[in-house]
Amino acid sequence: MEFDPQDRKVVELLTKLKGTNEGYPSDMLAARRQAYLNNMARVGLGTGTALKQTLKNGNAAGAAPISASTLLEVALVVAMVAEASALAYFYRDKIVGVFQSTSTKSNVQEIASPPAITSPFPELEISEVPSSAIPTGTASEMPTSTQVPGVADDPTSNNNGAATSTNSTPDPSVNNGNNGNHYGQTPKPERTKDNNDNQPPEDNPGNGNNDRPPQGGKDKNH
Amino acid sequence: MRDGVGLLKAAKNLDEEALTAIFDQFAPAIYKYTLRLCHDQIVADNIVGDVFAQLLEQFAAGKGPRTNLRSYLYQTAYHLVVDRSRDSQHNAPLEVAIGTYEKGQFSPTQTQVEERVMMEALIAAMNTDLTEDQRHVVILRFLEDFSLKETAEIIGKEVNNIKVIQNRGIAKLRKALGFHLDEEDK
């Protein structure tokens, strides 16, 4: 590389500086060299003749440490698997018991699931309990468990499973004289003349048809 | 004695003799280079230890230099010096270098005295006027005899960039030594 004349003088001065620096002090160099040799041994160069021979034979530099670590790792894994297998063999009865208890627990839990209702009205089919007991129903799912205001139960009804709503109207013949203003139960006017054509309807307390309006719709006074 | 390639190949195979030979061959040079940069014998010695410790670790890991062992060692030393200078900003006096320039001479001649003055001025200019990069490039190029390409590899820059840094560094030194050069021309 070419330099200007003045630059060349600077370069010459710089090259003269090469020899100006003192050398490595012998004591420091010896100590450093010994430390370097110790470091070589620590890194693994002196860990075994066979290993060194293998390295000298041309293997890759890092192959031996890698293979040694791999071997160690494989040995550890094999030992762990063998230990686990031995423990499993010795405690096989307990392990089986644990699995069985686990499976039993699962069956109990299945049984404990909410019971299925086979019949929607079990009380009506099982026994002929007086209907008065039904309103007091404890856990009945029947719709009669909820009493309708103003509607009394008819103990004389014998419907055997028929809807109880048809007997909700009390029988006028059984009442205490206060029928209220229900349809067909109003106080009857006094009859002045018999008329066979216009017979009033007979209340039959037993037929369950008490709410039928009077037939013909004609005035009885005619 | 093995050549550079054979020595490096044997060292990569963790040959003990080769590794020892590498230390014996390059440790003094690395020490001198480091001492020029940090001006402290203890620090230079520690850096030499670190350089060769890293070399051993790289060889043990299957890494390390492939072609130019000398550049690799100087590159490691360069990075260690830069790291230390960043940590401590330590610049020892230059007397370490200049004090031993004429060691053992009791009655220097006139020429030697003038040359010593020039050297003192040059070293002072290198330490005060040059930037870090310029100082590294000048030392590697003219004191350690590395090529432009090798210097670029060590510092981690492009060759053209190294050229520019070198020319600017020399220009600064010339400017700093201008008085002495003019006197010498007279």
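Student: How is the model to be read?
Tutor: This is a predicted model, in which local features need pLDDT of at least 70 and side-chain atom pairs count only at pLDDT 80 or more, while totals for chains, interfaces and linings use all residues. Residues are numbered from 1 along each chain as its sequence is written, with chains lettered from A and ligands numbered from 1 in the order in which they are written.

Student: Is Leu55(B) buried or exposed?
Tutor: Leu55(B) sits in helix H3 (residues 41–60) of chain B. Helices (H or I, at least four residues) and strands (E, at least two) are DSSP runs, numbered from the N terminus. A residue is buried if 20 or more other C-beta atoms, placed from the backbone, lie within 10 Å of its own, exposed if 12 or fewer, and partly exposed in between. Leu55(B) has 23 C-beta neighbours inside 10 Å and therefore counts as buried.

Student: What distance separates the C-alpha atoms of Leu55(B) and Leu73(B)?
Tutor: Leu73(B) is one of the residues that Leu55(B) touches. The two are 18 residues apart along the chain, and their C-alpha atoms are separated by 7.9 Å.

Student: Within what arc do the buried residues of H1(B) fall?
Tutor: In helix H1 (residues 4–12) of chain B, the buried residues are Leu8(B), Ala11(B) and Lys12(B). The arc is that of the directions from the helix axis to the C-beta atoms. These residues line one face of the helix, because seen down the axis of H1(B) they fall within an arc of 100 degrees.

Student: At what angle do H1 of chain A and H7 of chain B pack?
Tutor: Axes are lines fitted to C-alpha atoms, for helices over the stretch in contact, and angles run from 0 to 180 degrees between N-to-C directions. Helix H1 (residues 5–16) of chain A and helix H7 (residues 132–143) of chain B have their axes 9 Å apart and pack at an angle of about 75 degrees.

Student: Which residues of H7(B) make this contact?
Tutor: H1(A) contributes Val11(A), Leu14(A) and Thr15(A). On the side of H7(B), the contact is made by Val138(B), Phe142(B) and Leu143(B).

Student: What percentage of chain B is buried residues?
Tutor: Chain B has 10 helices and zero strands. Of its 186 residues, the buried ones make up 38%.

Methods
Contact = placed C-beta atoms within 7 Å. Lists of a residue's contacts leave out its neighbours within four places in sequence.
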